[in-house]
Amino acid sequence: MDGFRSSDHDLILRCLTDDVVWYIHGHRTTHGKGEFDEIENPEFDGSPDLDVQRVFEDGNVVVVTGEGQGRHRVNGLFRFAFNSLFTFRGDRIDRVDSYVVPLARPVVVVTADVGLASHLAQTSAASPRLTG
C-alpha cells in the first residue's frame, strides 16, 4: 500500500508478476506490468490519501479495505471506499480485484453568530445604505 500512497512505481512493480492482471470492476482491466505501470490517472493531482481499515489473509489471498481521497483536477475532492483482493503466486502479486465506491463529500455546516446577526439587523435598520 505504501507504493500506492506515494505513487512509487518501482516499489509497486517489484511486487508484481510479469503477467499480473488488475480488474478494477466497472472501470477497466490492465494486463501485465507495462499496463500496470500506467495506473496514474491524469485527471487527478498527486497521490491518493489511503486509510487502510482492515486486512484479511486467507491462503494466497490478502484482502484490504478502507477509504481514500484524491484531488480531481476539475471536480475537486474525490472521496471513495475501496476493497482490493491481492492474489499471490509465490511472493509476488499476480491478480488484483479492486472495487471502488464513490462517497459523498463531507457536509460543511455554517452557523451564524447570533450576536453578529443581531448587530447587522440593528445596523441595517439604522442605515439607509444597508437597507437599499
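Strands here are DSSP runs of at least two residues, numbered from the N terminus. Keep that in mind, since I will be using strand numbers throughout. One caution before we start: this is a predicted model.

Let me begin with one residue. Thr87 sits in strand E5, which covers residues 76-89. Is Thr87 buried or exposed? Thr87 counts as buried, because its relative accessibility is 18% and the cut-off for buried is under 20%.

What does Thr87 touch, leaving out residues up to four places away in sequence? The list is Asn60, Val61, Arg92, Ile93, Asp94 and Arg95. Pick out Arg95 from that list. Thr87 stands opposite Arg95, which belongs to E6. Now look at Val63. Val63 and Thr87 are 24 residues apart along the chain, and their C-alpha atoms are 8.8 Å apart.

E5 pairs with E6 in the antiparallel sense, over eleven bridges. Both belong to an open sheet of six strands. The order is E2-E1-E6-E5-E4-E3, and the pairing is mixed. Which strands are at the edges? They are E2, residues 28-31, and E3, residues 44-58; each of these pairs on one side only. From one strand to the next, the twist averages 20°.

E1 and E2 pair in the antiparallel sense over four bridges. Within that pairing, Tyr23 has Thr29 in E2 as its bridge partner. The two strands form a hairpin, with three residues between them. Look at Gly26 in the turn: its phi is positive, at about 85°.

Step back to the whole chain for a moment. How many helices and strands does the chain have? There are five helices and six strands. Reading from the N terminus, the elements run α-α-β-β-α-β-β-β-β-α-α. The chain has 132 residues, and 25% of them are buried. Take the contacts between residues at least 6 apart in sequence: 42% of them join residues at least 24 apart.

Next, the nonpolar core. The largest one has 15 residues. Which of its members touch the most other members? Those are Leu16, Phe36 and Val96. Several elements each supply at least two residues of this core: helix H2 (9-14), strand E1 (16-24), E4, E5 and strand E6 (92-103). The largest share comes from E1, with four residues.

Stay with Val96. Leaving out residues up to four places away in sequence, Val96 touches Val21, Trp22, Tyr23, Phe36, Leu85 and Phe86. Phe36, like Val96, is among the core members that touch the most others.

On to the aromatics. The structure holds three aromatic pairs. In one of them, Phe78 and Phe80 have ring centres 5.6 Å apart and planes at 25°, so this pair is stacked. Phe80 also pairs with Phe82: the ring centres are 6.3 Å apart and the planes are at 50°, so that pair is tilted.

How accessible are these rings' residues? Phe78 counts as partly exposed, because its relative accessibility is 28%. Phe80 is at 11%, so it counts as buried. Phe82 is at 9%, so it counts as buried too. Here is a general point to hold against that run: in a regular strand the side chains alternate between the two faces of the sheet. Ring pairs link Phe44, Phe78, Phe80 and Phe82 into a cluster.

His72 is in strand E4, residues 61-72. Why does His72 count as buried? Because its relative accessibility is 15%, and buried means under 20%. Beyond residues up to four places away in sequence, His72 touches Glu43 and Phe44. The contact with Glu43 has a polar part: the two side chains make a polar contact at 3.3 Å.

First, Thr87 in E5, standing opposite Arg95 in E6. Second, the phenylalanine cluster of Phe44, Phe78, Phe80 and Phe82. Third, His72 with its polar contact to Glu43.

Methods
Residues numbered from 1 in each chain as written. Predicted model: local features only at pLDDT ≥ 70, side-chain atom pairs only at ≥ 80, totals over all residues. Heavy atoms only, no water. Buried < 20%, exposed > 50% of the residue type's maximum accessible area, 1.4 Å probe, protein only. Contact = heavy atoms within 4.5 Å. Polar contact = N/O pair within 3.5 Å; in protein donor to acceptor, adjacent residues only side chain to side chain. Phe/Tyr/Trp six-rings, centres within 6.5 Å; stacked < 30°, edge-to-face > 60°. Core = buried A, V, L, I, M, F, W, Y, C linked by side-chain atoms within 4.5 Å. Pairing = 2+ DSSP bridges. Axes fitted to C-alpha atoms, helices over the stretch in contact; angles between N-to-C directions.
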